[in-house]
Amino acid sequence: MVGGLPFCPQCGQRLAVPGTGPACAHCGSPIASRAKFCAACGRPVAAIQTGGAHQVSLVLLDEGGKILNRYPITGEETTVGREDAGIAFPDDAFLSPLHAQISVHGEEIQVRDLGSRNGTWFFIAEPHRLLDGDLLLIGSQVIRFRRLGYPGPHPPERDATRRMGSLIPSADIASLTQLRADGSARDTIHLSPGRHVTIGRDEGDWIFPYDPSMSGTHAQIRSEDADFVILDAGSRNGVGVSVRGEIPLKHGSRFLVGDKMLRVELS
């Protein structure tokens with residue numbers, strides 16, 4: 001409201017009750033989701049405020065989590081990239097010219113990758129169920145999750161001779177593959193129902209002693225029947241999952257573009 005009045009003194013429209021949704025910064029009238037202009041006074045929507053009170057900002061963090069800069073979101077859609085972006089980092093060689101897009105519609109905040117070369121990574125704050133083709137960032141390692149399906153039975157040999165080999169586990173239904181910078185595969189570990197895999201620099205089932213950005217015990221892949229979930233095992237740098245489609249964000253969410261770590265803040 002303006003000065004406690006229930007109606008705008010300029011256009012006569014009823015003003016939004018505080019806290020009920022986005023409002024025009026000029027006259028205080030409610031703003032419809034995705035609106036470019038205020039329906040009451042015609043002014044352009046200069047800044048999106050969620051919940052009628054929160055300003056959305058992206059905060060640039062250094063490796064230790066210290067704030068380096070803050071970038072207020074001043075529209076419904078903001079791009080991040082190396083060139084020609086709303087938020088540009090021309091010194092970041094890992095960043096594509098147009099890398100990612102941040103969308104704010106009412107109380108919804110989302111990030112979308114714009115076909116960048118190195119992807120956009122959001123960092124999980126809770127267990128994440130893995131889907132076929134998911135890419136994981138653990139330390140500086142890029143790891144691909146693939147579903148393999150259940151293999152069919154081997155036909156019996158004509159002379160009834162039994163085959164040698166491990167009988168446990170009976171089926172590998174998924175795999176994790178370490179990827180080089182050129183996308184080629186290096187090491188692979190297989191997953192089967194009931195098998196949990198711990199990944200780390202010093203301890204676990206799959207260790208990477210040469211990766212200083214990986215914690216001693218970094219992440220765990222847990223089997224849930226025929227599905228698998230990944231959990232952060234209290235690592236210093238977190239566990240990233242490559243953005244596919246639009247990923248919802250909230251206050252405190254972190255995502256990586258190029259070598260820039262950004263955190264969502266509502267103020």
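Modeller: Let's start with a hairpin. Strands S20 and S21 form it with 2 residues between the strands, and glycine 258 takes a positive phi near 60 degrees there. The model is predicted, so local features need pLDDT of at least 70 and side-chain atom pairs count only at pLDDT 80 or more, while totals for chains, interfaces and linings use all residues. Residues are numbered from 1 along each chain as its sequence is written, and side-chain values use heavy atoms, with hydrogens and water left out.

Biologist: What makes S20 and S21 a pair of strands?

Modeller: A strand is a DSSP run of E with at least two residues, and a helix is a run of H or I with at least four, both numbered from the N terminus. Two strands pair if DSSP finds at least two bridges between them. S20 and S21 run antiparallel and are joined by 4 bridges, so they meet that rule. Within this pairing, leucine 256 stands opposite methionine 261 in S21.

Biologist: How do you know that S8 pairs with S20?

Modeller: The same rule asks for at least two bridges, and 3 bridges join S8 (residues 120-123) to S20 (residues 254-257), so the two strands pair. They run antiparallel, and threonine 120 stands opposite valine 257 in S20.

Biologist: Why do S9 and S15 count as the edges of their sheet?

Modeller: Five strands form an open sheet with mixed pairing, in the order S9-S17-S16-S14-S15. S9 and S15 each have a single partner strand, so one side of each is left without a neighbour in the sheet. S14 (residues 197-200) pairs with S15 in the parallel sense over 2 bridges, and isoleucine 199 has tryptophan 206 in S15 as its bridge partner.

Biologist: What makes phenylalanine 208 and tyrosine 210 an aromatic pair, and which kind is it?

Modeller: Rings of Phe, Tyr and Trp (its six-membered ring) pair if their centres lie within 6.5 Å; planes under 30 degrees apart are stacked, over 60 edge-to-face, and the rest tilted. By this rule the count comes to 4 aromatic pairs. Phenylalanine 208 and tyrosine 210 are 6.1 Å apart, centre to centre, with 85 degrees between the planes, so their pair is edge-to-face. Ring pairs also link Trp206, Phe208 and Tyr210 into a cluster.

Biologist: What makes lysine 260 and aspartate 91 a salt bridge?

Modeller: A salt bridge needs a side-chain nitrogen of Lys or Arg within 4 Å of a carboxyl oxygen of Asp or Glu. The closest N and O atoms of lysine 260 and aspartate 91 are 3.9 Å apart, so the pair qualifies. Lysine 260 is in strand S21 and aspartate 91 is in the loop between S5 and S6, 169 residues apart. At 13%, lysine 260 counts as buried, whereas aspartate 91 is exposed at 63%. Both belong to a network of salt bridges that links Asp91, Asp92, Asp259 and Lys260.

Biologist: How many salt bridges are there in the whole structure?

Modeller: The search finds 14. In one of them, the side chains of arginine 244 and aspartate 134 meet at 2.7 Å, N to O. Arginine 244 lies in the loop between S18 and S19 and aspartate 134 in the loop between S9 and S10, so this pair ties together parts that are 110 residues apart in sequence. Arginine 244 is partly exposed, at 44%.

Biologist: Why is aspartate 134 called buried?

Modeller: Its relative accessible area is 4%, so aspartate 134 is buried. Contact means heavy atoms within 4.5 Å, and aspartate 134 touches residues including His128, Phe145 and Val241.

Biologist: What puts arginine 254 over the face of phenylalanine 123?

Modeller: A charge sits over a ring if NZ of Lys or CZ of Arg is within 6 Å of the ring centre and within 35 degrees of the ring normal. Arginine 254 lies over the face of phenylalanine 123 at 4.9 Å from the ring centre.

Terms used: Buried < 20%, exposed > 50% of the residue type's maximum accessible area, 1.4 Å probe, protein only. Lists of a residue's contacts leave out its neighbours within four places in sequence.
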